[in-house]
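I opened a notebook page to record what I looked up, one topic at a time. The sequence and the model come before my entries.

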Amino acid sequence: MKRVFSGIQPTGEIHIGNYFGAILNYVKLGEELGKNSIYCIVDYHAITIPHEPELLRKRTFDAALVNMAAGLDPSKVILFAQSDVREHTELGWIFSTQTPLGDLERMTQFKDKSSQHSVLAGLLMYPTLMAADILLYKANTVPVGEDQVQHIELTREIARRFNNRFGELFPEPLAVHNKDALRVPGVDGQGKMSKSKGNTLGVLEEIDSIWQKLRVAPTDPARVRRTDPGNPHICLIFDYHKLFSDLDTIQMVEVGCSTAGIGCIDCKKTLMKGVERTLVPIQQRAQELYSTPDIVKDALHEGAREARQIAQQTMQEVRDALGLLNP
Ligand code: ATP
Ligand code: MG
């Protein structure tokens, strides 16, 4: 049986990297697998960096709302907030007692994020909590962007180690990707688009605000004059075209850029058509949901109830296997 789990952090505005890299796959797999696709707003992960309580609550709600506006139907899948299902932290603790410190210290995300903030112990334990999120549901498939591959590999090791030591309980899950959006670049052209880096184009961001960011976004630096041919394959804007534009447009700008047939501003304006076509319907659905917030709250409530049933069953088995008292 295929079972999917994935999480998204309420650390900021959901952006097009999250949308193309993860949420599109949530929707697709949700249609295929129904209640065997489980999606979580991982608020316990979000507090591994300093946070504002009111903002966290709002962002958790917003993250659920954006997923629903993007097409996730909570009556068909399981959608919930992590802190609503206490078993996540329980299994996370257990895994942290079984995982060598060195495995956690070598994680790229830890090295990256610990250079941006004062380092909280929870940031180091992020991957053991993530392993718990996935394995609590015995999920074997995890739709994520490329940045999470290392954490999924560690999850597999944690599952393997647990199974060897305490008996076969967990599958070894595999990451699945949207191959067109493995690592959507930030609008500043400096690495991955990330909520915490502020280099995002938000799914709910006003179209004009997106245009203002794209207008000044870097392109091929060798293309100084309009008449210089450019290299689309090193250009951020071409990366975005591959996400938003239809095949004919992608081909047209690829040829146009490399023959100086299209200027950067026109290329960006063409991109905006695809941006609008993709985001405006999501933004309209989001507006409707903001005017009926109980729909989102009820969905999270019901999702947590469904998730708890699976999580509690797994924890019984884990407690038995570990020799903990089983209440
Ligand atoms: P933060 O900066 O707080 O870590 P984030 O933008 O990296 O936020 P996450 O909540 O950590 O977003 O990730 C949610 C999902 O989106 C994960 O599956 C992750 O792999 C995917 N994802 C995040 N950024 C990108 C990106 N730039 N391209 C493709 N997928 C991405
Ligand atoms: Mg991240």
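**Ground rules.** I am working with a predicted model, in which local features need pLDDT of at least 70 and side-chain atom pairs count only at pLDDT 80 or more, while totals for chains, interfaces and linings use all residues. I number residues from 1 along each chain as its sequence is written, and chains are lettered from A and ligands numbered from 1 in the order in which they are written.

Over residues 10-18 I read 33% helix and 0% strand, with the end C-alpha atoms 12 Å apart. Helices (H or I, at least four residues) and strands (E, at least two) are DSSP runs, numbered from the N terminus.

**Ligand 1.** I asked which residues are closest to ligand 1. Its surroundings comprise 20 residues, the closest being Thr11, Gly17, Gly21, Gly145 and Ser196, where a residue is near if its C-beta atom, placed from the backbone, lies within 6 Å of the molecule. Two or more residues of this shell come from each of strand E1 (4-8) and helix H1 (16-33), and H1 gives the most, with 4 residues.

**Helix H4.** I then checked burial, for which a residue is buried if 20 or more other C-beta atoms lie within 10 Å of its own, exposed if 12 or fewer, and partly exposed in between, with C-beta atoms placed from the backbone. In helix H4 (residues 87-96), 7 of the 10 residues are buried, so the helix is largely enclosed by the rest of the structure. The buried residues are Glu87, His88, Leu91, Gly92, Ile94, Phe95 and Ser96, and they pack against helices H2 (43-46), H8 (126-135), H9 (149-166) and H14 (293-322). Contact here means that the C-beta atoms of two residues, placed from the backbone, lie within 7 Å.

**Lysine 113.** I located lysine 113 in helix H6 (residues 108-114), and it counts as partly exposed because it has 18 C-beta neighbours inside 10 Å. Leaving aside neighbours within four places in sequence, I see lysine 113 in contact with Ile49 and Leu123. Tryptophan 93 is 20 residues from lysine 113 along the chain, and their C-alpha atoms are separated by 21 Å.
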